[in-house]
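User: I have a structure open and have not looked at it before. Can you take me through it?
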Amino acid sequence: MTMKRKLALAGALMATVACQTKAPVANEVVAMPVAKLPAAPQDSGWSAASEHTAKLLPQDLVDPRLMKASTAEVRVRAVASGSEIAFRLEWTDPVVNDLPGPGRFLDGCAIQIPRVREANPPDPQMGQAAKPVDIAFWRADWQASVNGREDSIRALYPNAAVDHYPFEAKSIEPGSAVAKEMAARYAPAQAVGNRRVGPRVSPVEDMVAEGPGTLSPGPGGSRGKGERTDGGWSVMIVRKMPEGLAPRQRTQIAFAVWEGSKEETGARKMRTGWIPLSVKESK
Amino acid sequence: MARVYNWQLGREMSYWYPESRPQRQFAAVFDTNKCIACQTCTLACKTTWTSGRGQEYMLWNNVESKPYGFYPLAWDLKLLDMLDGGKWNGSRYEGQTVFESAPAGERVLGWRPESEDYAYPNCGEDDCAGQVDGGASMAMPHMNWFYYLARICNHCSYPACLASCPRGSIYKRPEDGIVLVDQGRCRGYQECVKGCPYKKVFFNPMTGTSEKCIACFPKIEQGIQPQCFVNCIGKIRMAGWISKPQDARPENPIDYLVHIKKVALPLFPQFGLEPNVYYIPPVHVPTAFTRQMFGPGVDDAIKTYRNAKNDPDLAGLLCLFGSSEMVMPRWRRQGDTVTGLDEKGNALVRVPMNEPVHVRPAYDKLYQIARTNCP
Ligand code: SF4
Ligand code: SF4
């Protein structure tokens, strides 16, 4: 085979690969301006955006670490409209893990963006002191709860037998202030306002961090929706446009994916480093 | 990792944080020989603290029939296996602790119980333990003995739960050494559940946080013993404060039993946490078993306990168990009377070592009547 023919063949192969991809592949996350943000992860509106495939690495820098790589990559698209930016994260995960419990862990994903857009961004591992990162975190169990799963132990363990909760005694009026106060006594996390406590109103939680172990509730407003695809998850997260991000400007974004069936939780996750994020100019 | 001193191992060991002892350390002594497995303690705790949604399976206090009862299933066997049993050289531990044997990427050597592991809170409790004339139908490593092991959180000096939390959501109170999960800060990663070798932190799926025994701190703050202590039918428990061995004071009941008489021993000291619930070992169990569970002091402890009838101080102090709702930081014996005292030396309770005995003849000559044995 002549060199010319070899090159021609290679070119044809590349063309076939490109044809198979629904949208052009980008080496950075580029948000397409749209008139209206898609309402769901599978809306046709997402096809306008290019797809970035981000390779995931195990979090193996701080203990406890993830010692074995799991989810290989996450496919990301982004669209922007007015003061909001939306991301769609898709990854392969054949097993649904959306039931919390002892020894059970949840599927989830997150996006992380530096609070301040600057040339020297914070550490991609959860930011660093005085250089906060904003995180929007989606989890499969919260989605199930928002989708209508009952906030009860029987929804998690269908065969659970419960004799009695004191706050449901016959002498106590259901839903009354007394019943609520009594139930809170047995749910200290609820009593102190921990946002982990159900029932959820949103599948997405806003967090802020200034380094590993510092994650705390962040200024809110993010929303989202996750759906099962054939053999994986498709999750949309909408947040406010990062401060100062406009066409011809750049910031950074990082992604993380948790695979519940691999006992991934907290620091045990698959993650990326910083990836450039920009917004395309409207035509 | 820092180097810290663990007196239960007779040596220094590695720990995630430097040594920082509380002003005083909550501690307890349980006499396994007196427990009747009535589970009143379990229920006292359950109704007080864990009757909520997501707490259904939780027993902050549990009582298991050893050798085959566990909660969660095989909690101790799994870790002993991982630690290869652990090796003592006299009173010095030469094996590895859960901190020293932490694999790469972990803060602590641990394992995660699954939901099902909590579903048999005392398997083996009804096993036959006596003579079977026809012989047993199967051979087991431990044939016909058992005893009851009551367990709460050990409020360890080197808590593995605290060391394994990457968020620092678990803290040890400087005023009393009680170990608590900050319910506002916890994000339910279950690292503590994996790390605690005693499996005394529990994940609550409804609150999304981990919860554990709080040593009834609102009671302790008022000088009152926790619920599982004051409700104990067998009067097997005494709560108090433990000193470091070199600071032991004989007038402190816990110091006396643990440091001076050495009759009460820690549970699995080889794990390396310096647990603060101490057990008087069962006297009837093969010591090959109890040595593994309570360390090398078992044979001496049993000898001392068996000799209590000739040791009025020890016998007297054992009479104070379950005699008062109050924590008794001090005690004294005078003749036949044992007194539990507060810090200032005021008497909280007085207990006679021998109750007066009245013998009433079955036939009352005076009234010419036969007495029946009704109370
Ligand atoms: S027994 Fe377990 S939960 Fe309690 S302090 Fe020790 S390590 Fe923590
Ligand atoms: S209440 Fe006392 S005697 Fe009864 S099971 Fe509990 S520790 Fe044992």
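Analyst: What follows covers chain B as a whole, then some strands of chain A, then a sheet in chain B. This is a predicted model.

User: Ok. How many helices and strands are there in chain B?
Analyst: Chain B has ten helices and 19 strands. Its radius of gyration is 22 Å, close to the 21 Å from the globule rule for 375 residues, so chain B is as compact as a globular protein of that length.

User: What box do the C-alpha atoms of chain B fill?
Analyst: Along the principal axes, the box is roughly 85 × 60 × 45 Å.

User: And how much of chain B counts as buried?
Analyst: Of the 375 residues in chain B, 57% are buried. The cut-off for that is under 20% relative accessible area.

User: What about the accessible surface of chain B?
Analyst: The surface of chain B comes to about 16000 Å², and 52% of that belongs to carbon and sulfur atoms.

User: How many positive and negative side chains does chain B have?
Analyst: There are 42 positive and 38 negative side chains in chain B, with the centres of the two sets 4 Å apart.

User: Switching to chain A. Is strand β11 mostly covered or uncovered?
Analyst: Strand β11 of chain A, residues 232–240, is mostly covered, with eight of its nine residues buried.

User: Which strands are joined to β11(A)?
Analyst: Strand β5 of chain A, residues 84–92, runs antiparallel to β11(A) and is joined to it by nine bridges. Strand β10 of chain A, residues 223–229, is also antiparallel to β11(A), through seven bridges.

User: How do β13(B) and β14 of chain B pair?
Analyst: β13(B) and β14(B), residues 277–280, pair in the antiparallel sense over two bridges. P266(B) has Y278(B) in β14(B) as its bridge partner.

Methods. Residues numbered from 1 in each chain as written. Chains lettered and ligands numbered in written order. Predicted model: local features only at pLDDT ≥ 70, side-chain atom pairs only at ≥ 80, totals over all residues. Heavy atoms only, no water. Helix = DSSP H or I, 4+ residues; strand = E, 2+ residues; numbered from the N terminus. Rg over C-alpha atoms; globule rule 2.2 N^0.38 Å. Buried < 20%, exposed > 50% of the residue type's maximum accessible area, 1.4 Å probe, protein only. Areas by Shrake-Rupley, 256 points an atom, 1.4 Å probe, with all protein chains shown as cover. Lys, Arg positive; Asp, Glu negative; His and termini not counted. Charge placed at Lys NZ, Arg CZ, Asp CG, Glu CD. Pairing = 2+ DSSP bridges.
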